[in-house]
Amino acid sequence: MNIISLIFQLGGSLGFLLFGMKLMSNGIQKSTGNSLKKALNLMTSNRLLALITGMMITMIIQSSGATTVMVVTFVNAGLLTLEQSVGVIFGANIGTTITAWIVSLFGFNFDISSFAIPIFGIGFLLHTLKKLRQENLGEALMGFAMLFMGLDMLSGAISPDSGNLNFISVLDDWGFISIIIGVVIGLLITALLHSSSAATAIVITLAYNKLISWDFSASLVIGSEIGSTIDAVLAAWGNKENAKQAAFIHVTFNVVMAFFAIVFFIPLLRFVDILVPGAVQQNENISFHIAALHTLLKTMAALVFLPFTKQFAAIAKKFIKTKENAEKNVYTLEFSETGGRENVVAYIVQAEKEIFKMADNVAQMFRCVQVGFSGNSDTFVRDYFDMLTQKEDYVDQMEEALTKYLVSCSKLPLTETQTADVARMMQIVEDIESMSDECYSIGVMIKKSVDKDMKFSKDDLEKLQPYLSLAGKAFDIVHENLDSSWTAEELASAEEIEKQIDAQHKALKKIARKRLEGGAEVKTELMYIDLVRQIEKFGDHAYRITSALGQAAKQTV
């Protein structure tokens with residue numbers, strides 16, 4: 001019964017600890033969502049700046065896993081080059097050590113558990129009282145409180161007075177073999193928990209309660225560095241080769257760091273002893289020794305390897321080569337589950353990037369259609385129609401994959417703004433796909449007119465040119481501003497173009513009907529009316545996207 005009770009106590013304590021960390025990270029991420037997107041501008045080829053950016057983001061959102069997932073996603077979306085990602089990954093490794101310092105400073109020096117319940121209560125009120133508009137801060141405070149409640153329960157469950165885990169001390173007595181065992185255990189625990197911060201908090205608690213020695217604690221921390229790479233591996237799984245290369249760099253860096261830490265194990269620990277006051281053999285300030293080791297190990301490794309970011313990228317590209325013969329006409333977009341370390345901002349940015357690519361394809365389709373209206377119908381059929389058909393099929397694939405991806409995004413912990421953004425992107429994806437359908441329908445009609453030798457008069461084609469140009473202009477405004485804020489002038493311009501398209505649509509239909517009444521060939525005039533209608537529908541979808549993005553811009557002001 002004692003074993004069963006211990007299992008439940010440990011499970012409950014870890015549950016509080018992990019859920020608290022997740023809740024705190026989610027709350028902070030929601031509060032800093034737009035700031036995280038702006039941080040992309042700092043992730044440049046400047047290695048030091050990239051390192052600082054990765055470090056600061058991780059310190060803010062309290063999760064190197066979330067930062068790494070964000071980096072892998074950005075590389076996959078083409079927003080970061082592989083070389084740029086290296087410094088950010090190094091910085092994220094340093095930033096995650098802040099949690100160990102928080103635990104060391106607040107977890108054992110005074111009774112944090114007595115403050116945890118009031119902090120949770122304050123957080124609950126902030127989260128519940130919608131009028132205060134501080135739901136995200138409230139969520140972060142509740143997570144902070146639960147983290148330390150879990151830590152307090154864990155410390156009680158493994159107290160040396162209980163004797164529950166005294167058998168662990170046996171692992172300390174086997175010299176170098178104990179170090180290897182500690183590394184393996186640290187690796188497995190971290191991979192299972194998906195959090196090196198949580199694993200380090202557990203190590204600190206065990207060491208504080210005198211259940212494990214300083215040496216064994218250090219080996220567990222070193223092992224956790226390897227185990228923490230699980231999130232990057234999961235994020236890259238099923239994604240493009242460049243995302244896998246970024247994950248490879250993260251894994252390689254941490255494995256190499258752990259290898260050298262094991263080789264220089266004794267000097268490393270003695271150096272930490274010099275930096276941190278207190279005799280660790282008597283368990284004085286052992287929590288600070290562990291936190292210092294965690295920070296020192298990652299900082300030293302990052303500074304040593306930072307000058308070799310290009311070499312790291314080159315090695316990754318050599319081991320994971322881009323598939324040059326990959327099928328270009330098959331579109332894939334996977335939503336990679338990362339064991340609770342999902343970074344909402346990363347997924348939204350990825351979706352925005354893919355929607356822009358979708359619009360690029362429609363732009364190419366529209367240019368194909370313009371050739372058909374330039375008096376070169378035969379050229380269009382011979383040189384452009386097959387391309388138009390392939391593009392239309394590709395955009396259909398993109399719509400299906402993106403919609404599925406966005407549905408998965410909607411299940412993440414989103415803010416109200418992010419929820420609205422995801423819903424808006426779904427509408428935009430639908431409209432862009434409809435625009436590809438209109439382009440294809442126009443192309444089919446042009447081909448049909450050539451196959452059946454249906455001739456449009458030169459005057460008819462000339463009248464369609466400005467009408468088609470207006471539809472193209474409406475789409476250009478959308479295409480150029482998909483990923484930027486809209487000004488009042490741009491919105492007014494789009495609205496005016498929509499009015500002109502509607503006016504010309506009515507005028508051209510009226511002309512065609514008069515020709516029908518005058519005895520013109522029915523098939524030709526009906527096709528002409530269909531062409532006019534399809535172009536008008538193309539413009540309508542462009543204006544729908546404009547309205548959706550304009551509404552979003554007004555809400556953010």
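Modeller: Helices here are DSSP runs of at least four residues, numbered from the N terminus. The model is a predicted one, and the structure holds 10 salt bridges. Three of these pairs are described below, beginning with one inside a single helix.

Glu-354 and Lys-357 form a salt bridge in which the closest N and O atoms are 3.3 Å apart. Both residues belong to helix 17 (residues 344-372), where a spacing of 3 residues corresponds to about one turn of the helix. Glu-354 counts as buried because its relative accessibility is 2%, under the 20% cut-off. Lys-357, with a relative accessible area of 25%, is partly exposed.

A second pair joins Arg-544 to Asp-431, with 2.7 Å between the closest N and O atoms. Asp-431 is buried, at a relative accessible area of 2%, whereas Arg-544 counts as partly exposed at 39% relative accessibility.

The remaining pair to be described is Glu-83 with Lys-317, whose side chains meet in a salt bridge at 3.0 Å, N to O. Because Glu-83 is in helix 5 (residues 82-95) and Lys-317 is in helix 16 (residues 309-319), the pair ties together parts that are 234 residues apart in sequence. Glu-83 counts as partly exposed, at 30% relative accessibility; Lys-317 also counts as partly exposed, at 39%.

How values were computed. Residues numbered from 1 in each chain as written. Predicted model: local features only at pLDDT ≥ 70, side-chain atom pairs only at ≥ 80, totals over all residues. Heavy atoms only, no water. Salt bridge = Lys/Arg side-chain N within 4 Å of Asp/Glu carboxyl O. Helix = DSSP H or I, 4+ residues; strand = E, 2+ residues; numbered from the N terminus. Buried < 20%, exposed > 50% of the residue type's maximum accessible area, 1.4 Å probe, protein only.
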